[in-house]
Amino acid sequence: MDIDTSGNDNNANNNNASGNGFSRDIFRSTPIKDRGSTFIALATTVTDLHEVEAFKATVRNKEQNATHYVLAYRIYQNGNLLEENDDDGEDDASILILNLLKTLELVNVAVSIPRWFSGILLGPVRFDYFVRCAREALDLGNFSNVNNSNGGGGNEGETNTSQASSSTSSLANRRAGGPIIVNGERQVTTSSTSTTTDDNRRGNPLLQYIRNVPWEYGEIAPDFIVGSTTCALFLSLRYHRLHPEYIFTRIQMVMYQFNLRILLVLVDVDSHQDPIRELTKISVTNNFTIMLAWSQEEAGKYLETFKAFENRPPDSIMEKVESDYHAKLTQCLTQIRSVNKTDVLTLSSQFGSLKNIMSASTDELSTCPGIGDQKIRRLQEAFTQPFTLNKKQRKKNTNK
């Protein structure tokens, strides 16, 4: 995939332009172009809603014919903090920009990102482009001066490509025949019972909480390998709000290398609902299992558990069901809403078998204590409804 970040004379160099009806400086990012779509961010200072509206009009006048105009701003007006975001049809994009402004603690700032859509769906990577453009425009205007501290899984938010290539070969060796992996300084032979962690994880506080299984450093693509077919990526929400593009790069590095891929998220911000919803979508799209931890200790415990249960059979976490007839009958009938174990015992004592219960009339069922009209109706519906619905029935049930 080719991504063009080179702008023409009218785009890349005009970083300090003013529009008609809006007197403040507007800082314009370099365009990002991918498969025909173009993303450009414009940032400015605003102090009230009138300036926000003037800024919006100016952007639409200067950047004409865009498919979407994503907007986010934070202003103090009359002693109140106003925070707003507008997707303009680009679902979930503006909340990322608003979260960026919150993370950078910026007030009286607005960011607008026009996108020209080519008709080719870009997938989640488009969120990377939105945030990257916004961050560049903010930096051009010197709105923020925040250190890119390593709150995520990588080394100062950057991915080492040489590490990726070497870790690919080490993973191949590990799978092919043994526990040999490549360490950053020397080759080491490790036990398959240890948890392997990326060199970039050195200094991660959660490592002190991995006490019950051995672990060691190694040059690997994911943040943690907790089994021959299981890996984990670690992500702090605080870091994700600053660098939402980071997780997409990390996911691409481990795609198709492991059967079970875990996204271990440390929830270390108060406003966590929106980023968790966003990361859940990313996990579903990329076939990751998302796990949430509210402390470093909890995150370490999850890694321990995944490693400890690496070779356990799946039935060790399955519900234990007794093999006798009454237990199976109870499990079956209690799946019907409002039918409890006492009701099953009553029905079993009265009719003797599931066949007799299903054949019983409404009057016969009503003689059982505790079995009212509603339970009788639900029992009979469960016994008589077909397993598959035809199109008309399915549409009718959907519209209810």
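Student: How are H9 and H10 oriented to each other?

Tutor: This is a predicted model. The axes of helix H9 (residues 325–333) and helix H10 (residues 341–351) cross at roughly 125° and come within 9 Å. Angles of 65 to 115 degrees count as roughly perpendicular and those over 145 as roughly antiparallel. H9 and H10 are therefore oblique to each other.

Student: Which residues make the contact of H9 with H10, and how many of them are charged?

Tutor: From H9 the contact takes His326, Leu329, Thr330 and Leu333, and from H10 it takes Lys341, Val344, Leu345, Leu347 and Ser348. By class, 5 of these residues are nonpolar and 3 polar, and the number of charged ones is 1.

Student: What is the handedness of the crossing of H9 and H10?

Tutor: The sense is set by which way the near helix is turned from the far one, and clockwise counts as right-handed. For H9 and H10 the crossing is right-handed.

Student: How are H2 and H3 oriented to each other?

Tutor: Helix H2 (residues 94–103) and helix H3 (residues 125–140) have axes that come within 10 Å and cross at roughly 40°. Only angles under 35 degrees count as roughly parallel. H2 and H3 are therefore oblique to each other.

Student: Which residues form the contact of H2 with H3, and how many are nonpolar?

Tutor: H2 contributes Leu96, Ile97, Leu100 and Leu101, while H3 contributes Phe127, Phe130, Val131, Ala134, Arg135 and Leu138. The contact holds no polar residue and 1 charged residue, and the nonpolar ones number 9.

Student: Is helix H6 mostly covered or mostly uncovered, and how many of its residues are buried?

Tutor: Helix H6 spans residues 246–254 and is mostly covered. Its buried residues are Tyr246, Ile247, Phe248, Arg250, Ile251, Met253 and Val254. Out of 9 residues in H6, the buried count is 7.

Student: Is Ile251 buried or exposed, and which residues does Ile251 contact beyond its neighbours in sequence?

Tutor: Ile251 lies in helix H6. Its relative accessible area is 5%, so Ile251 is buried. Its C-alpha atom is separated by 7.8 Å from that of Asn286, 35 residues apart along the chain. Leaving aside neighbours within four places in sequence, the contacts of Ile251 are Leu233, Ile282, Asn286 and Phe288.

Student: Where is Ala232, and which residues does Ala232 touch away from its own stretch of sequence?

Tutor: Ala232 belongs to strand E15 (residues 230–236). Because its relative accessibility is 0%, Ala232 counts as buried. The C-alpha atoms of Ala232 and Leu264, 32 residues apart along the chain, are separated by 6.5 Å. Not counting residues up to four places away in sequence, Ala232 touches Pro222, Asp223, Phe224, Ile262 and Leu303.

Student: How many disulfides does the model have?

Tutor: A disulfide here needs a pair of cysteine sulfur atoms within 2.5 Å. As for individual cysteines, Cys231 counts as buried because its relative accessibility is 0%, and Cys332 counts as partly exposed because its value is 39%. The number of disulfides is 0.

Student: What share of the contacts in the protein chain comes from residues 24 or more positions apart?

Tutor: The protein chain has 14 helices and 17 strands. Of its 400 residues, 45% are buried. Among contacts with a separation of 6 or more, the share from residues 24 or more positions apart is 64%.

Technical notes:
Residues are numbered from 1 along each chain as its sequence is written. This is a predicted model: local features need pLDDT of at least 70, side-chain atom pairs count only at pLDDT 80 or more; totals for chains, interfaces and linings use all residues. Side-chain values use heavy atoms; hydrogens and water are left out. Axes are lines fitted to C-alpha atoms, for helices over the stretch in contact, and angles run from 0 to 180 degrees between N-to-C directions. Helices (H or I, at least four residues) and strands (E, at least two) are DSSP runs, numbered from the N terminus. Contact means heavy atoms within 4.5 Å. Ala, Val, Leu, Ile, Met, Phe, Trp, Tyr, Cys and Pro count as nonpolar, Asp, Glu, Lys and Arg as charged, and the others, Gly among them, as polar. Buried means under 20% relative accessible area, exposed over 50%, partly exposed in between (1.4 Å probe, protein chains only).
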